[in-house]
Amino acid sequence: LYLETIMSEKLDVKWPMDLGAPPGTLEAKIPRPDDIGVDVPNPNRYFSREFMQLEWDRLWPKVWLLAGVTPDLKEPGDFITHRHGHEEFLLVRHDDDQIRAFYNVCPHRGKRVCQVEHGNVPKFSCPFHGWQYHTNGKLASITDEETYDADLIAHRPGLTEIRCDTIGGLIFINMDGNAPPLKEWIGLPEGYIENYEIEKMNVIRHVRTEWLANWKTGVDAFYESYHLPHIHPQTQGVMEDFVQVDLYPNGFSRMIVPIGVKSHRLNDQETIDPYQTFMMMEAGIDPESFKGSAGDVRVAIQKAKRERGKKFGLDFYNNLTDGQLTDSWATGFFPNVQIGMHPEGVFLMRFVPHATDPEKFYYDTMTMFRYVDDPSYTVPGWMGLPEGIDVKGEIRPDIEHFSADMNADLGEVLNQDVDLIASVQQGVKSRGFNGPLWCEQEDRLRHLHREIDRYINKDN
């Protein structure tokens, strides 16, 4: 790893975008694959019930699913549940300090064993007939066991366990016994996740909203910055929409979004935008005494954050590039996750399929923050964190649930995406639409869908 990137006053903005990081570093541009292709997928993947069923048969059981984060399971007996379509999973830290995962279903009659989304218990008790289970999934007791045929329960039916593993504070589960180990399956370089020390952050907000679109329609919108000038024009004053796109093995990808600079599309590159002013204040810079122009803001913020890291003893900053102190490493975890990664906190978004309707999904987001006892230290403003949130994260907040007809108030940018994605979902069903025509700025989408198709087209 290297501690600092080349501190250029101006970004070299051209396509393909390359931030110029030294080869072999985590920030370095990865060459575009020669076999990326120009195929046009059939649009029925966005609304077909047949394609949805293929995903349930050939995709979801085979991949590692991001089911939670380790800060939610600090002590033995801590548990969380995660719903994915028609399945629900129970994750718990056992007395041996190991995190285990189970289907949240009682083997007696199929009742959900755990009825709440997080908590701490010495044992799990099914509310239907009172069967009890240890936190390692083993059967603890059967109510009125003497009334059962001994042969019927001789195998001592416990909770059905599935594979579970962690990396860098993230918890993954897998329903398939033949899938490769997590660390082999994740397509990101070593240290990419770990350097952010997510395990030392806390969830300070968790929102689950229903959106009127296919889950892939949702992912597609967040996997490119091509739409920013048109759907989110307000971002042009503080964000470059030509971004560095990198494709990794197994469907993983990222885009590095330069933040703190104006879009190259704006004629005025000198006047400091109000959003840049806000970012400087977040970094502890007094905008009134700042002598530079708009093009100097990003580097000034990087330097200020580097100094603030030293002030607060945040040694992990030494493993981050200067670019990581300002820019968003929007990282795609195949198939249905994107994480906006920043040193102060991460914004984890999961695009969770609906149980029965291919034209609905749940946008499940967690805002995680590494608390520092200083009011200027906060998550980036684009995450849309409302006022009044307990940023210390000492008590795990409940999940905020919103149906499609409710206003979730996700923040200015995300609220715009809600309407956008619903409109796109309507359009992809039109006879006039023959499939997406992706440009190089949308390489992440092509990479994602080609990997999905590899699973869908397998016989088993």
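How many bridges join strand S2 to strand S3, and in which direction do the two strands run? The views below are close-ups of a predicted model.

**View 1. Strands S2 and S3 pair side by side.** The count is 6 bridges between S2 (residues 78-84) and S3 (residues 87-93), and the strands run antiparallel. One of the bridge pairs is Thr81 with Leu90 of S3. The hairpin has 2 residues between its strands. Gly85 takes a positive phi there, near 65 degrees. S2 is mostly covered, with 6 of its 7 residues buried.

**View 2. Strand S2 also pairs with strand S5.** Here 3 bridges join S2 to S5, again with antiparallel strands. Asp78 has Asn120 of S5 as its bridge partner.

**View 3. An open sheet is built from 7 strands.** The order is S1-S10-S9-S4-S3-S2-S5, and the pairing is antiparallel. Strand S1 (65-69) and strand S5 (118-120) stand at the edges. Each has a single partner strand, so one side of each is left without a neighbour in the sheet. On average, neighbouring strands of this sheet are turned by 30 degrees against each other, direction ignored. Strands of a sheet pair through backbone hydrogen bonds.

**View 4. An open sheet is built from 3 strands.** Its order is S6-S7-S8, with antiparallel pairing. Strand S6 (124-125) and strand S8 (139-141) stand at the edges. Both have a single partner strand, so one side of each lacks a neighbour in the sheet. S6 and strand S7 (residues 132-133) are joined by 2 bridges. In S7, Tyr133 is the bridge partner of Phe124.

**View 5. Arg83 and Glu88 form a salt bridge.** Their closest N and O atoms are 3.3 Å apart. Arg83 is partly exposed, at 42% relative accessibility. Glu88 is buried, at 8%. Side chains of opposite charge can pair when their charged atoms come close.

**View 6. Two salt bridges reach helix H8.** The whole structure holds 28 salt bridges. In one of them, Asp39 meets Arg446, with the closest N and O atoms 3.4 Å apart. Asp39 lies in the segment before helix H1 (49-59) and Arg446 in helix H8 (residues 443-456), so the pair ties together parts that are 407 residues apart in sequence. Asp39 is partly exposed, with a relative accessible area of 36%. Arg446 is buried, at 3% relative accessibility. Asp453 and Arg45 also form a salt bridge, at 2.9 Å from N to O. Asp453 lies in H8 and Arg45 in the segment before H1, so this pair ties together parts that are 408 residues apart in sequence. Asp453 is buried, with a relative accessible area of 18%. Arg45 is buried too, at 5% relative accessibility.

**View 7. Lys29, Asp246 and Arg254 make a network.** Salt bridges link these residues.

**View 8. Asp220 is buried without a salt bridge.** Asp220 sits in helix H3 (residues 215-222). The nearest side chain of opposite charge is Arg45, 8.0 Å away. Leaving aside neighbours within four places in sequence, Asp220 is in contact with Tyr46, Leu445, Leu448 and His449.

**View 9. Cys106 has no disulfide partner.** The structure has 0 disulfides. For Cys106, the nearest cysteine sulfur belongs to Cys126, 3.9 Å away. A disulfide needs the two sulfur atoms within 2.5 Å. Cys106 is buried, with a relative accessible area of 4%. Cys439 is partly exposed, at 26% relative accessibility.

Definitions and conventions: Residues are numbered from 1 along each chain as its sequence is written. This is a predicted model: local features need pLDDT of at least 70, side-chain atom pairs count only at pLDDT 80 or more; totals for chains, interfaces and linings use all residues. Side-chain values use heavy atoms; hydrogens and water are left out. Helices (H or I, at least four residues) and strands (E, at least two) are DSSP runs, numbered from the N terminus. Buried means under 20% relative accessible area, exposed over 50%, partly exposed in between (1.4 Å probe, protein chains only). Lys and Arg count as positive and Asp and Glu as negative; His and the chain ends are not counted. A salt bridge is a side-chain nitrogen of Lys or Arg within 4 Å of a carboxyl oxygen of Asp or Glu. Contact means heavy atoms within 4.5 Å. Two strands pair if DSSP finds at least two bridges between them. Axes are lines fitted to C-alpha atoms, for helices over the stretch in contact, and angles run from 0 to 180 degrees between N-to-C directions.
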